[in-house]
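Hi everyone, thanks for coming. I'd like to walk you through one model today, so let me put it on the screen.

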Amino acid sequence: MSHEHPTQRPADGQHPGEPHEPQHFETLAIHAGNTADPLTGAVVPPIYQVSTYKQDGVGGLRGGYEYSRSANPTRTALEENLAALEGGRRGLAFASGLAAEDCLLRTLLSPGDHVVIPDDAYGGTFRLFAKVVSRWGVDFSVAHTSDPAAVRAALTPRTKAIWVETPSNPLLNITDIAALAGIARSAGARLVVDNTFASPYLQQPLALGADVVVHSTTKYMGGHSDVVGGALIVDDAELADELAYHQNAMGAVAGPFDAWLVLRGIKTLAVRMDRHSRNATRIAEMLSTHPRVSKVLYPGLPDHPGHEVAAKQMKAFGGMVSFQVADGEEAAVAVCDRAKLFTLGESLGGVESLIEHPGRMTHASAAGSALEVPSDLVRLSVGIESVDDLLADLHQALA
């Protein structure tokens, strides 16, 4: 469970996709895209809070910039960093994770096409498919993506994409990325992996055969609950150009300050993910022996059905833990209400710990569907506080 090979990054002055020297993840997180300002020597890229740019004659773009929907230097820095961390040719930064997903779907799909999605996908992703994309003639089927045979059975001649979350939200299921990459190739479909829960520090789907990586950069990439953003990373040059065209045409781009915040957060991604994972492991172990907990969902536990696959494709098991409360839905809601150090709130991936009831909060849009989550489920986003304090808070909330 370690990165045996360093990630690749563009050297200073190179463009994404050109040959570049290898560096290790922790170095890339701090330096990729973060070149010193040529005017002042500032070691942090400036926030180019600008909408338009002076041109060197009609059609003479200075550095390729004309209008900040099309490109902005601060966003470029983030996009180069994202591509380097995921080992891709190009990264694209968006206003939110769902904006990134929307751009991807409208780039890949046409009316009449079909997508296979997980049976435990993020509620916002399900809503996008069920309430938005389906209205313009795209069909989808639900499959348990942890089971390659189930995914294969869900394919149709019209399938253009297989959509995966691993670990999944909120049931922490694990999908074998390499296995599904093979299935997707055989079917002539693209494999899309939402890597939000793992982050590129713990898992790199492109290296395992995925075609597209999706992130809500709001979460672990930003890491401080102070920005909303999304990203797509690909290694195929033609697909990268198509996505960039649609990003510009549709316009849901990351603003310069938001891009700067995500870029700042990424610099500490490695050290934060190490701490998130250690804390989550301790909490999952405690919950697994608690009399008021009927089930713990965490891929780091040896009895998790996806533990072996996770150990193969992840560096560690992440900071998300879900568990079911033995006394049912109202008891689960009460645990959320009694927590003090764990803040009751949606989202995840920040330095502070959060607790929520998915059935009534983040996944309410999936109620009554094949993606409906258990009503007794509680989801934790384990932060980087002292794990002893977090354990004490959960003990009192479960008392």
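Confidence comes first: this is a predicted model, and the protein chain averages a pLDDT of 93, with 94% of the residues scoring at least 70. pLDDT, as a reminder, is the predictor's confidence in each residue, from 0 to 100. Over residues 1-20 the pLDDT stays under 50, and for that stretch the model has 49 contacts beyond four places in sequence, a contact being heavy atoms within 4.5 Å. Where pLDDT is low, the predicted coordinates should not be read in detail.

Some housekeeping. Residues are numbered from 1 along each chain as its sequence is written, and side-chain values use heavy atoms, with hydrogens and water left out. In this predicted model, local features need pLDDT of at least 70 and side-chain atom pairs count only at pLDDT 80 or more, while totals for chains, interfaces and linings use all residues. Helices (H or I, at least four residues) and strands (E, at least two) are DSSP runs, numbered from the N terminus.

Angles here run from 0 to 180 degrees between N-to-C directions, and axes are lines fitted to C-alpha atoms, for helices over the stretch in contact.

How many bridges join strand 7 to strand 8? There are three, between residues 190-194 and residues 212-216, and the two strands run parallel. Val-193, for instance, has Val-213 of strand 8 as its bridge partner.

Next, a helix pair. Helix 3 (residues 97-108) packs with helix 4 (residues 123-132) at an angle of about 35 degrees, their axes 11 Å apart. On the helix 3 side, the contact is made by Leu-98, Glu-101, Asp-102 and Leu-105, and helix 4 brings Gly-124, Thr-125, Arg-127, Leu-128 and Phe-129. By type, those residues are four nonpolar, two polar and three charged; Ala, Val, Leu, Ile, Met, Phe, Trp, Tyr, Cys and Pro count as nonpolar, Asp, Glu, Lys and Arg as charged, and the others, Gly among them, as polar.

Which residues of helix 4 are buried? They are Gly-123, Gly-124, Thr-125, Phe-126, Leu-128 and Phe-129, where buried means under 20% relative accessible area (1.4 Å probe, protein chains only). These pack against helix 3, strand 4 (114-118), strand 5 and strand 6 (159-165).

Most residues other than glycine have a negative phi, and most peptide bonds are trans. Yet the bond from Thr-166 to Pro-167 is cis, with omega near -5 degrees, and another cis bond joins Asn-169 and Pro-170, with omega about 10 degrees. Pro-167 is in the loop between strand 6 and helix 6 (177-187), and Pro-170 lies in the loop between strand 6 and helix 6. Leu-172 also lies there; its phi is positive, near 55 degrees, and the residue is buried, with a relative accessible area of 1%. Ser-225 has a positive phi of about 55 degrees, and lies in the loop between strand 8 and strand 9.

How values were computed:
Two strands pair if DSSP finds at least two bridges between them. Buried means under 20% relative accessible area, exposed over 50%, partly exposed in between (1.4 Å probe, protein chains only).
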